[in-house]
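User: I would like to learn how to read the features of a structural model. Could you take me through one, term by term?

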Amino acid sequence: MTLTASVRRPAGKPIGGTDTGIGVSTGTEIGAGTPPDGRTGRARDADGLAVASFVLGLVGLLVMNILLGPAAVVMAVIALARSTSRRGRAFLGLALGIADLVVLALLVTGNGTVSWNFAG
């Protein structure tokens with residue numbers, strides 16, 4: 001009894017492991033599943049959360065601080081928990097979110113409303 005095995009090369013892989021450059025994909029191009037900087041999707045999401053918390057905290061100082069302040073705080077905490085590479089931006093988002101809540105507290109205690117009043 002004789003056993004024979006046939007080895008089939010995967011589609012797109014050149015024989016011998018070298019790239020001939022003639023329409024053969026090695027799987028390392030941009031968009032082939034791994035980002036060019038080698039980071040995972042979770043790390044990129046954490047960086048996005050850090051930037052979003054910073055922006056929401058900054059905008060929340062001027063408008064809708066009742067919504068944007070807590071959102072900035074939550075996003076910053078999640079980004080820090082996922083160990084973002086933009087820790088400074090996450091800490092700024094956290095500080096600005098807390099500042100939004102402080103401004104909200106001052107507005108409520110100052111004139112009894114949750115709105116800006118420049119008329120005096």
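Analyst: We start with the ground rules and the fold, then go to surface and single residues. This is a predicted model, in which local features need pLDDT of at least 70 and side-chain atom pairs count only at pLDDT 80 or more, while totals for chains, interfaces and linings use all residues. Residues are numbered from 1 along each chain as its sequence is written, and side-chain values use heavy atoms, with hydrogens and water left out.

User: What share of the residues counts as buried?

Analyst: Buried means under 20% relative accessible area, exposed means over 50%, and partly exposed lies in between, with a 1.4 Å probe and protein chains only. In this case 21% of the 120 residues are buried.

User: And what is the accessible surface of the protein chain?

Analyst: Areas come from the Shrake-Rupley method with a 1.4 Å probe; for residues, only the protein chains shown count as cover. The total is about 8,400 Å², and carbon and sulfur atoms hold 66% of that.

User: How do I read contacts, and what share joins residues 24 or more positions apart?

Analyst: A contact means heavy atoms within 4.5 Å. Among contacts in the chain with a separation of 6 or more, 58% link residues 24 or more positions apart.

User: Which residues does L49 touch?

Analyst: L49 is also in helix 1. Its relative accessibility is 18%, so L49 counts as buried. Not counting residues up to four places away in sequence, L49 touches M75, I78, A79 and R82. L49 and R89 are 40 residues apart in sequence, with their C-alpha atoms 9.5 Å apart.

User: Where does N65 lie?

Analyst: N65 is in helix 2. At a relative accessible area of 6%, N65 is buried. With neighbours within four places in sequence set aside, N65 contacts G60, P70, D100, V103, L104 and L107.

User: Which residues form the nonpolar patch on the surface?

Analyst: Patch members have over 30% relative accessible area and no salt bridge; like charges are joined within 9 Å, and nonpolar side chains (Val, Leu, Ile, Met, Phe, Trp, Tyr) within 5 Å. A salt bridge puts a side-chain nitrogen of Lys or Arg within 4 Å of a carboxyl oxygen of Asp or Glu. Here the patch holds V55, L58, V59, L62, V63, M64, I66 and L67, with about 740 Å² of accessible area together. Helix 1 and helix 2 each supply at least two residues. Helix 1 gives the most, with three. V63 sits in the loop between helix 1 and helix 2. V63 is partly exposed, at 44% relative accessibility.

User: Which backbone angle stands out at M64?

Analyst: Look at phi. M64 is not a glycine, yet its phi is positive, near 50°. M64 is in the loop between helix 1 and helix 2. M64 is exposed, at a relative accessible area of 53%. S83, also not a glycine, has a positive phi of about 50°. S83 belongs to the loop between helix 2 and helix 3. With a relative accessible area of 53%, S83 is exposed.

User: What lies over the face of F54?

Analyst: A charge sits over a ring if NZ of Lys or CZ of Arg is within 6 Å of the ring centre and within 35 degrees of the ring normal. In this model R89 lies over F54, at 5.9 Å from the ring centre.

User: How far apart in space are V74 and G93?

Analyst: Their C-alpha atoms are 9.5 Å apart, with 19 residues of separation in sequence. V74 is in helix 2. V74 is partly exposed, at 49% relative accessibility.

Technical notes: Helices (H or I, at least four residues) and strands (E, at least two) are DSSP runs, numbered from the N terminus.
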